[in-house]
Amino acid sequence: SRPSSFSQQECSSDLWSDEENGDINWDNLGFGLVPTDYMYVMKCSRDDRFSSGELNRYGNIELSPSSGVLNYAQGLFEGLKAHRRGDGRGFLLFRLEENAKRMQMGAERMCMPSPSTDQFVHAVKQTVLANKRWVPPRGKGSLYVRPLLIGSGPILGLAPAPEYMFLVYAAPVGTYFKEGLAPINLFIETEIHRATPGGTGDVKTIANYAPVLKAQMRAKAKGLTDVLYLDSVNKRYLEEASSCNLFMVKDNIIATPATDGTILRGITRKSIIELARDLGYQVKERLVSIDDLIAADEVFCTGTAVVVAPVSSITYGDQRYEYKTGAETVSEKLYKALTAIQMGHVEDKKGWTVEI
Ligand code: COI
């Protein structure tokens with residue numbers, strides 16, 4: 001039987017084999033939570049640094065009712081994926097040092113200590129290896145890894161929490177949207193804004209997500225997939241969707257809203273910009289107005305969970321605008337180029353993937 005917790009030193013990839021696959025139907029994976037076996041936990045106090053962590057059995061954690069995260073949303077999360085390489089050749093992780101750095105930037109903004117890049121990378125690798133029976137078979141999905149950094153200590157007056165917890169759990173996932181790989185339909189939200197200048201739109205704080213649920217619910221009630229948010233000052237420029245960044249293509253030129261503080265610095269966004277330039281496309285990071293978007297030939301979204309999602313329509317007010325999707329589109333080419341690297345179908349000349 002498996003231990004309920006053990007130290008970093010004790011955990012190695014050959015502790016157990018992954019021949020015993022997770023007991024689920026791998027053909028029906030969406031983005032629902034499938035609990036796995038282990039999670040990584042590391043703690044420290046406000047004036048300290050994280051030092052060492054351990055793998056624990058996956059399960060509930062104990063938190064004070066007055067913890068900083070529960071009362072004042074002092075928390076960050078990350079998301080990254082592990083893909084199975086097949087033939088017992090292990091797993092591929094994608095650009096996890098970028099996630100580590102983004103968490104460090106966010107921690108600085110949210111007044112929290114953060115794990116070092118080495119600690120973050122170690123924790124993610126240990127979590128994947130301990131849950132390797134939950135990495136879907138090739139072609140069926142990936143193991144989504146969710147690092148969390150939270151103010152776990154009790155605090156009543158508004159101030160940074162006295163203790164912090166870094167936690168990494170994982171779940172097998174398929175496609176993010178219920179549409180699967182089919183194109184999605186978006187709604188431009190004009191009343192609810194996701195971020196404001198000087199706020200936290202560009203860090204992956206948990207506080208950015210619950211406030212958009214209302215907009216998301218309203219879009220879903222209209223039969224649409226998700227929401228596109230406008231800037232809160234001019235109410236004219238597109239920022240991003242609830243869970244992903246936005247791109248448009250016009251006359252073969254790609255544009256994406258520039259990250260000016262209100263837009264999340266997506267790792268998939270950054271990778272897609274680089275891959276598109278490699279493929280010979282011009283990519284502009286600039287203001288993208290509603291008019292630009294309406295006139296676009298193609299629109300797509302990018303994110304870790306979403307990967308590259310083609311957009312077939314955008315509803316703005318009472319008008320619905322349609323876009324090119326399917327074979328030979330720019331988004332299709334970029335989806336293939338990105339996933340070929342992430343899944344190890346081509347040689348990774350960029351050094352983006354980490355093998356474990
Ligand atoms: C991701 O794409 O990893 C995210 O963090 C978005 C989340 C809403 C699923």
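**Before starting.** I'm working with a predicted model, where local features need pLDDT of at least 70, side-chain atom pairs count only at pLDDT 80 or more, and totals for chains, interfaces and linings use all residues. I number residues from 1 along each chain as its sequence is written.

**Whole chain.** I find seven helices and 18 strands in the protein chain (DSSP runs numbered from the N terminus: H or I of at least four residues for helices, E of at least two for strands). The radius of gyration, taken over C-alpha atoms, is 20 Å, close to the 21 Å that the globule rule gives for 356 residues, so the chain is as compact as a globular protein of that length. That rule is 2.2 Å times the number of residues to the power 0.38. Along its principal axes, the C-alpha trace spans about 55 × 55 × 35 Å.

**Helices 2 and 3.** I looked up residues 96-109 (helix 2) against 117-130 (helix 3): they pack at about 125 degrees, with axes 9 Å apart. Axes here are lines fitted to C-alpha atoms over the stretch in contact, and angles run from 0 to 180 degrees between N-to-C directions. That makes helix 2 oblique to helix 3 (under 35 degrees is roughly parallel, over 145 roughly antiparallel, 65 to 115 roughly perpendicular, the rest oblique). L96, E97, A100, K101 and M103 of helix 2 meet T117, F120, V121 and V124 of helix 3, counting C-beta atoms, placed from the backbone, within 7 Å. I sort this contact into six nonpolar, one polar and two charged residues.

**Helices 5 and 7.** Helix 5 (267-278) packs against helix 7 (330-342) at about 110 degrees, axes 10 Å apart, which means they are roughly perpendicular. S271, I272, L275 and A276 meet L334, A337 and L338.

**Ligand.** Around the ligand I list G79, S243, G303, T304, A305 and V306, using C-beta atoms, placed from the backbone, within 6 Å of it. This shell has two nonpolar, four polar and no charged residues; Ala, Val, Leu, Ile, Met, Phe, Trp, Tyr, Cys and Pro count as nonpolar, Asp, Glu, Lys and Arg as charged, and the others, Gly among them, as polar.

Definitions and conventions
Contact = placed C-beta atoms within 7 Å.
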